[in-house]
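Keep the sequence and the 3D view open as you read.

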Amino acid sequence: MKISLCKHRFPIVAPGGSLFHPGDCSRCGITYRDHETELRRQEEALIVGSSRYGKCPDCGHNRRLFRFQPPAQPWHSPDEEMPVSFLCMGCYNTAADTHNAMVKGAFEEAAA
Ligand SMILES: [Zn+2]
Ligand SMILES: [Zn+2]
């Protein structure tokens, strides 16, 4: 797998870009969209590549398990590692939904 060594810097101010549409990397020229696609591709490759058959800790069924790691949030320190678990597809989706609801709740609490 080819991994770019560039620590990308995307301009988020005019004229190069904006906060919602960052411009191309000022160092290597990769577009922000390509960068995001690449990140997602790497994440999916990691999840699929590390999938294994076993007993799901949540539902107790023997199924193909996928690596689940909740994404770090702004309130986590940058080097804080999120806990990794291996879940079947159904429990994976449930865990992702639960995580998203938790994050949404935390933001709503902060905004209240
Ligand atoms: Zn770059
Ligand atoms: Zn399960």
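**Notes on the predicted model**

1. Start with the core. The largest nonpolar core is made of 6 residues: Cys 56, Leu 65, Phe 66, Leu 87, Cys 88 and Cys 91. Please remember that this is a predicted model.

2. Now look at Phe 66, one of those core residues. Which residues does Phe 66 contact, leaving aside its neighbours within four places in sequence? They are Ile 47, Ser 51, Phe 86, Leu 87, Met 89 and Tyr 92. Leu 87 is also the bridge partner of Phe 66 in β3.

3. Next, the sheet. It is open and has 3 strands, in the order β1-β2-β3, with antiparallel pairing. The edges are β1 (52-55) and β3 (85-87), and each of these pairs on one side only. On average, neighbouring strands are turned by 55° against each other, direction ignored. As background, strands of a sheet pair through backbone hydrogen bonds, either parallel or antiparallel.

4. Take the pairing of β1 with β2 (residues 62-68). These two strands are antiparallel and share 4 bridges. Follow the partners along β2. Lys 55 has Asn 62 as its bridge partner. Gly 54 has Arg 63. Arg 52 stands opposite Leu 65, and Leu 65 belongs to the core of point 1.

5. How many residues lie between the strands in the hairpin of β1 and β2? There are 6. Within this hairpin, Gly 60 takes a positive phi near 80°.

6. The Phe 66 and Leu 87 pair is found here.

7. Helix α2 (residues 89-111) deserves a length check. It has 23 residues, and at 1.5 Å a residue it should span 33 Å. Its end C-alpha atoms are 33 Å apart, so the two values agree.

8. Where does α2 lie? It lies across β2 and β3, and runs at about 35° to β2. Is α2 mostly buried or in the open? The number buried is 1 of its 23 residues, so α2 lies largely in the open. Remember that a residue needs 20 or more other C-beta atoms within 10 Å to count as buried.

9. Turn to Tyr 32, which is in helix α1 (residues 32-49). Why is Tyr 32 called partly exposed? It has 17 C-beta neighbours inside 10 Å. Buried would need 20 or more, and exposed would need 12 or fewer, so 17 falls in between. Not counting residues up to four places away in sequence, Tyr 32 touches Phe 10 and Pro 22.

10. Finally, step back to the whole chain. It is divided into domain 1 (7-49) and domain 2 (51-111). The C-alpha centres of these domains lie 24 Å apart. For a residue-level view, compare Tyr 32 and Ser 85. They are 53 residues apart in sequence. In space they are 30 Å apart, C-alpha to C-alpha.

Conventions. Residues are numbered from 1 along each chain as its sequence is written. Chains are lettered from A and ligands numbered from 1 in the order in which they are written. This is a predicted model: local features need pLDDT of at least 70, side-chain atom pairs count only at pLDDT 80 or more; totals for chains, interfaces and linings use all residues. Domain bounds come from an automatic or database domain assignment. Two residues are in contact if their C-beta atoms, placed from the backbone, lie within 7 Å. The expected span of a helix is 1.5 Å times one less than its number of residues. Two strands pair if DSSP finds at least two bridges between them. Axes are lines fitted to C-alpha atoms, for helices over the stretch in contact, and angles run from 0 to 180 degrees between N-to-C directions. A nonpolar core is a set of buried Ala, Val, Leu, Ile, Met, Phe, Trp, Tyr and Cys residues joined through C-beta atoms within 7 Å.
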